[in-house]
Amino acid sequence: IMAESGEVDWSAEIASMMNSARIDLAASGRLDDLGSAALWGNSNRQAIEALLGMLATAASNWTAQKLVNAVVQLSTTAADKRHARNTLLRLLPGQRDGLEGARFVEKVVSGVVQLSTTAVDKRHARDTLLGLLPGQADSWVTAELVTGVALLSPTVQDKRQALDALLELAHSQTEGSDALWLVGTATWLGTTEPDKRQIRKALCRLIPKQTDGRVAGEIGRAS
């Protein structure tokens with residue numbers, strides 16, 4: 001019924017009951033039954049809150065993606081977008097590490113990017129993501145955070161800050177493949193000639209540390 005109608009099609013009493021039912025649907029994860037966000041605006045914020053609460057404990061990254069998509073869809077006003085974006089940012093960098101942690105960060109960052117529609121929004125999101133980089137020890141998660149910065153119209157200074165964090169972490173890696181992954185992300189981010197020189201120097205410093213000849217060869221070719 002909600003998919004085919006809106007609040008204006010019902011009496012105030014019935015619309016209120018249906019809005020309550022919509023919040024319950026969100027809390028139970030029945031995302032396909034929520035109807036149009038534009039037509040049921042009075043329950044959007046509470047539905048968003050329910051979805052964000054579920055996202056924090058999502059059992060799988062597939063579920064996280066569905067929840068993020070629904071949050072973005074329901075955030076139709078500037079206030080809802082700001083609230084959802086700030087809540088998503090607070091979920092980062094998440095509780096997992098490695099590839100699974102990176103995939104979760106990717107889903108959340110995707111929502112942040114979609115909800116950052118103004119220059120001010122993007123600036124705040126970039127600053128938050130950049131603030132998560134110092135001390136971050138997981139190469140996979142770091143790469144996803146930096147990718148988020150790159151998708152939010154970064155300034156030259158923002159790019160340099162992200163690049164420095166990538167290369168510093170790459171230098172501290174004990175696994176050569178992780179270091180190479182970070183440098184690959186840095187290469188994608190660093191497009192100016194000074195950036196490229198910095199990346200080449202970082203690659204040269206990595207070669208003597210490698211015990212895996214294959215990885216050392218790949219680093220040598222990249223430099």
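Predicted model: local features only at pLDDT ≥ 70, side-chain atom pairs only at ≥ 80, totals over all residues.

1. The chain contains 11 helices and 0 strands, and its elements, read from the N terminus on, run α-α-α-α-α-α-α-α-α-α-α. Of the 223 residues in the chain, 44% are buried. Among the contacts with a separation of 6 or more, 62% are between residues 24 or more positions apart.

2. Helix 1 takes in residues 12–27, and its 16 residues reach 23 Å from the first C-alpha to the last, which is close to the 22 Å expected at 1.5 Å a residue. After the helix comes Gly29, a residue with a positive phi near 85°.

3. Which residues of helix 1 are buried? They are Ala15, Met18, Asn19, Arg22, Ile23, Leu25 and Ala26, and because they cover an arc of only 155° around the axis, they lie on the same side of helix 1. These buried residues pack against helix 2 (44–55) and helix 3 (61–74). The exposed residues Glu13, Met17 and Asp24, by contrast, are carried on the face of helix 1 that is turned away from its buried side.

4. Helix 2 has 12 residues, and the distance from its first C-alpha to its last is 16 Å, close to the 16 Å expected at 1.5 Å a residue. Its buried residues are Asn44, Ala47, Ile48, Ala50, Leu51, Leu52 and Leu55. The elements that cover these buried residues include helix 1 and helix 3, together with helix 4 (78–90) and helix 5 (98–115).

5. Leaving aside residues up to four places away in sequence, Leu182 touches Ser139, Thr142, Leu166, Leu169, Ala170 and Gln173. The C-alpha atom of Leu182 is separated by 9.5 Å from that of Glu168, and the two residues are 14 residues apart along the chain.

6. Asp195 belongs to helix 10 (residues 193–206). Is this aspartate buried or exposed? Asp195 is buried, with a relative accessible area of 7%. When residues up to four places away in sequence are not counted, Asp195 touches Arg160, Leu163 and Gly190.

7. The largest pocket holds about 190 Å³ of space. Its lining consists of Leu130, Leu133, Pro134, Gly135, Gln136, Thr142, Gln161, Ala165, Glu168, Leu169 and Ser172, and by class these are 5 nonpolar, 5 polar and 1 charged residues. Helix 8 (residues 156–172) gives the most to this lining, with 5 residues.

Definitions and conventions:
Residues numbered from 1 in each chain as written. Heavy atoms only, no water. 1 Å grid on protein atoms, 1.4 Å probe; cavity = no way out; pocket = protein on both sides within 12 Å on 5 of 7 lines; lining within 4 Å. Points joined across faces, edges and corners; volume = space filled by probe spheres on them. Helix = DSSP H or I, 4+ residues; strand = E, 2+ residues; numbered from the N terminus. Nonpolar A, V, L, I, M, F, W, Y, C, P; charged D, E, K, R; others polar. Expected span 1.5 Å × (residues − 1). Buried < 20%, exposed > 50% of the residue type's maximum accessible area, 1.4 Å probe, protein only. Arc of directions from axis to C-beta. Contact = heavy atoms within 4.5 Å.
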